[in-house]
Amino acid sequence: MEHGKEKGPSDPLEEKAIDLIASMRGTISFSDPVNLRIQGSFEGKLQAKGQLTVGEKAHVKADIEADRVSIAGKVEGKVMAREFLQVTSTGQCIGEIATSRLIVEEGGILQGECRVGKGAAVAEEVSEAAPERRQWPRL
């Protein structure tokens, strides 16, 4: 208790963390900020406010939308990181990426279509809502 203030479950300063170690398939959506760490495998759709961390041994095949994404394992699919996307030295990110800031450590793998810059993640949200999307040529 600090200055007569008691921390409770609704206190925004309290960190909410969830570790996903098993294999899962489906849709996961969080409306409140959370730190989600995936250590196993996941396939489907994932929407989170807050931090998503994909562990070194994790394999994710999903459409991901989060504020901050850090990848140390393997991710395949669409990734929209509103604040930043980090691919560590052991990470692999394969697919369509939209983020405001991109960090790829030496040894990290980034493969696919990538839009980076202020508003890139917001632009991706708008283009998802549009009936016709621009198709990028295959190389």
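**Figure 1. Surroundings of Leu85.** Leu85 touches Val69, Ile71, Val79, Cys93, Ile97, Thr99, Arg101, Leu102 and Ile103, where residues up to four places away in sequence are not counted. Here a contact means that heavy atoms lie within 4.5 Å. The structure is a predicted model, in which local features need a pLDDT of at least 70 and side-chain atom pairs count only at pLDDT 80 or more, while totals for chains, interfaces and linings use all residues. Residues are numbered from 1 along each chain as its sequence is written, and side-chain values use heavy atoms, with hydrogens and water left out.

**Figure 2. The largest nonpolar core.** This core has 23 residues. A nonpolar core is a set of buried Ala, Val, Leu, Ile, Met, Phe, Trp, Tyr and Cys residues joined through side-chain atoms within 4.5 Å. The residues with the most contacts inside the largest core are Ile38, Leu46, Leu52, Ile64, Val69 and Leu85. At least two core residues come from each of strands S2 (23–38), S3, S4, S5 and S6 (92–99). S4 provides the largest share, six residues. Buried means under 20% relative accessible area, exposed means over 50%, and partly exposed lies in between (1.4 Å probe, protein chains only). In the protein, buried residues make up 35% of the 139 residues.

Figure 3. Helices (H or I, at least four residues) and strands (E, at least two) are DSSP runs numbered from the N terminus, and two strands pair if DSSP finds at least two bridges between them. Strand S3 (residues 41–54) runs parallel to strand S4 (residues 59–71), and eleven bridges join them. Within this pairing, Leu46 stands opposite Ile64 in S4. S4 also pairs with strand S5 (residues 74–87) in the parallel sense, over ten bridges. His59 has Lys74 in S5 as its bridge partner. The secondary structure of the protein comes to one helix and nine strands, in the order β-β-β-β-β-β-β-β-β-α along the sequence.

**Figure 4. The salt bridge between Arg37 and Asp19.** A salt bridge is a side-chain nitrogen of Lys or Arg within 4 Å of a carboxyl oxygen of Asp or Glu. By this rule the count comes to six. In one of them, Arg37 pairs with Asp19, and the closest N and O atoms are 2.7 Å apart. Because Arg37 lies in strand S2 and Asp19 in strand S1 (residues 17–20), the pair ties together parts that are 18 residues apart in sequence. Arg37 is partly exposed, with a relative accessible area of 28%, and Asp19 is partly exposed at 44%.

**Figure 5. The salt bridge between Arg25 and Glu43.** The closest N and O atoms of Arg25 and Glu43 are 3.2 Å apart in this salt bridge. The pair links distant parts of the chain, with Arg25 in strand S2 and Glu43 in strand S3, 18 residues apart. Arg25 is exposed, with a relative accessible area of 67%, whereas Glu43 is partly exposed at 34%.

**Figure 6. The salt bridge between Glu65 and Arg82.** The side chains of Glu65 and Arg82 meet at 2.9 Å, N to O. This pair links distant parts of the chain, since Glu65 is in strand S4 and Arg82 in strand S5, 17 residues apart. Glu65 is partly exposed at 21% relative accessibility, and Arg82 is partly exposed at 24%. Salt bridges that share partners join Glu65, Asp67 and Arg82 into one network.

**Figure 7. Surroundings of Gln51.** Gln51 lies in strand S3 and is buried, with a relative accessible area of 17%. The side chain of Gln51 makes a polar contact with the side chain of Arg68 (3.5 Å). A polar contact is a pair of N or O atoms within 3.5 Å; within protein, one must be able to donate a hydrogen and the other to accept it, and residues adjacent in sequence count only if both atoms are side-chain atoms. Not counting residues up to four places away in sequence, Gln51 touches Val34, Asn35, Leu36, Arg68, Val69, Ser70 and Phe84.

**Figure 8. Confidence along the chain.** pLDDT is the predictor's confidence in each residue, from 0 to 100. The mean pLDDT of the protein is 81, and 76% of its residues reach 70 or more. Confidence is highest in S5, at a mean of 97, and lowest in helix H1 (residues 120–129), at 55. Over residues 1–14, pLDDT stays under 50, and the model has six contacts beyond four places in sequence for them. Residues 129–134 have pLDDT below 50, with seven contacts in the model beyond near neighbours in sequence. Where pLDDT is low, the predicted coordinates should not be read in detail.
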